Amino acid sequence: MENPAKKLRNKIICVFGRRGSGKSFLVRNVVLERLHGRRIVYDPMKEYSGKGAIATSLPDFFDLLEAQERHIVFQSDKDSNFDEVCRVIYESQSNIWLVCDEIDMFCKATETPEWLLKITRYGRHKGIGLVVIARRPAAIPREITSQATYIVSFRQHEPRDIKYLSEFMPAEKLPEIGQYQYLMYCSDTGEITNKINF
Ligand SMILES: Nc1ncnc2c1ncn2[C@@H]1O[C@H](COP(=O)(O)OP(=O)(O)OP(=O)(O)O)[C@@H](O)[C@H]1O
Ligand SMILES: [Mg+2]
């Protein structure tokens, strides 16, 4: 039987939920393990230590890339570093995942940094996959959610967010999701599950 993990390339995965709902925990402990190939985690809150070689500045990051480190964790909350990391990944890397926790620190619903937009639109052709984590779906660029293969949501209360997510999953269930539980929608199959199954 084909290993399903092998198929998980070049996708966009979004993870949403209120503060403390378990997004970073889920990505750190489950999602990262399912990503096939190399990965870079952009980690502004310094929660991914142990998940790769740590960079805290652009020169560190370039050194680790050049050394072909398989897993890199960039711990910085600077906008300028974020866009530069996106640029370098887009221009020089392939078969790699970019995982961005707290993505709403670096973009708004109506404003996407140039190189993040390029990765979102054209990353598939270069084998670049993207995982984004944010509290509110309505706070991140529509372009990202519209291209996502997997949308994960923990409990939601805010009507605008529920309305937004109701395009993907049953709105009435979103406020009722239990602690550390979530729903996941897959746009390839239309399936909704309560476990990560990729
Ligand atoms: N499945 C789980 N089982 C047990 N504890 C969990 C689980 N998920 C999260 N937690 C705990 O709950 C707390 C909040 O989780 P986490 O940091 O992942 O939330 P978050 O959604 O990323 O929050 P924020 O939006 O503030 O970044 C952490 O202390 C974490 O260890
Ligand atoms: Mg978090």
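Two strands are taken to pair if DSSP finds at least two bridges between them, and helices (H or I, at least four residues) and strands (E, at least two) are DSSP runs numbered from the N terminus. The structure is a predicted model, in which local features need pLDDT of at least 70 and side-chain atom pairs count only at pLDDT 80 or more, while totals for chains, interfaces and linings use all residues. Residues are numbered from 1 along each chain as its sequence is written, and chains are lettered from A and ligands numbered from 1 in the order in which they are written.

**Overall form.** The protein chain has 7 helices and 9 strands, and its C-alpha atoms fill a box of roughly 50 × 40 × 30 Å along the principal axes. Its radius of gyration, taken over C-alpha atoms, is 16 Å, which agrees with the value near 16 Å for a compact globule of 198 residues, the globule rule being 2.2 Å times the number of residues to the power 0.38. A residue counts as buried if 20 or more other C-beta atoms lie within 10 Å of its own, as exposed if 12 or fewer do, and as partly exposed in between, with C-beta atoms placed from the backbone; by this rule 39% of the 198 residues are buried.

**The sheet.** An open sheet of 9 strands runs in the order β3-β4-β2-β5-β6-β1-β7-β8-β9, with mixed pairing. Strands β3 (53–55) and β9 (192–193) stand at the edges with a single partner strand each, so one side of each is left without a neighbour in the sheet.

| Strands | Sense | Bridges | Residue pair |
|---|---|---|---|
| β7 and β8 | antiparallel | 4 bridges | Tyr 150 and Cys 186 |
| β8 and β9 | antiparallel | 2 bridges | Tyr 185 and Ile 192 |

The hairpin of β8 and β9 has 5 residues between the strands, and there Gly 190 takes a positive phi near 80°.

A nonpolar core is a set of buried Ala, Val, Leu, Ile, Met, Phe, Trp, Tyr and Cys residues joined through C-beta atoms within 7 Å. The largest such core has 56 residues, of which Cys 14, Ile 40, Tyr 42, Ile 89, Leu 98, Val 131 and Val 132 touch the most other members, and its largest share, 6 residues, comes from β6. Contact is defined by C-beta atoms, placed from the backbone, that lie within 7 Å; beyond its neighbours within four places in sequence, Tyr 42 has contacts that include Phe 74, Phe 82, Val 85, Leu 98 and Asp 101.

**Helices against the sheet.** Helix α4 (residues 79–92) lies across β2 (38–42), β4 (71–74), β5 (96–100) and β6 (128–134), running at about 165° to β2; here axes are lines fitted to C-alpha atoms, for helices over the stretch in contact, and angles run from 0 to 180 degrees between N-to-C directions. In helix α5 (residues 114–122), Leu 116, Ile 119 and Thr 120 are buried. Seen down the axis of α5, these buried residues fall within an arc of 100°, so they line one face of the helix, the arc being that of the directions from the helix axis to the C-beta atoms. On the other side of α5, Glu 114 and Tyr 122 are exposed, whereas its buried residues pack against β1, α4, β5, β6 and α6 (142–146).

Methods:
Contact = placed C-beta atoms within 7 Å.
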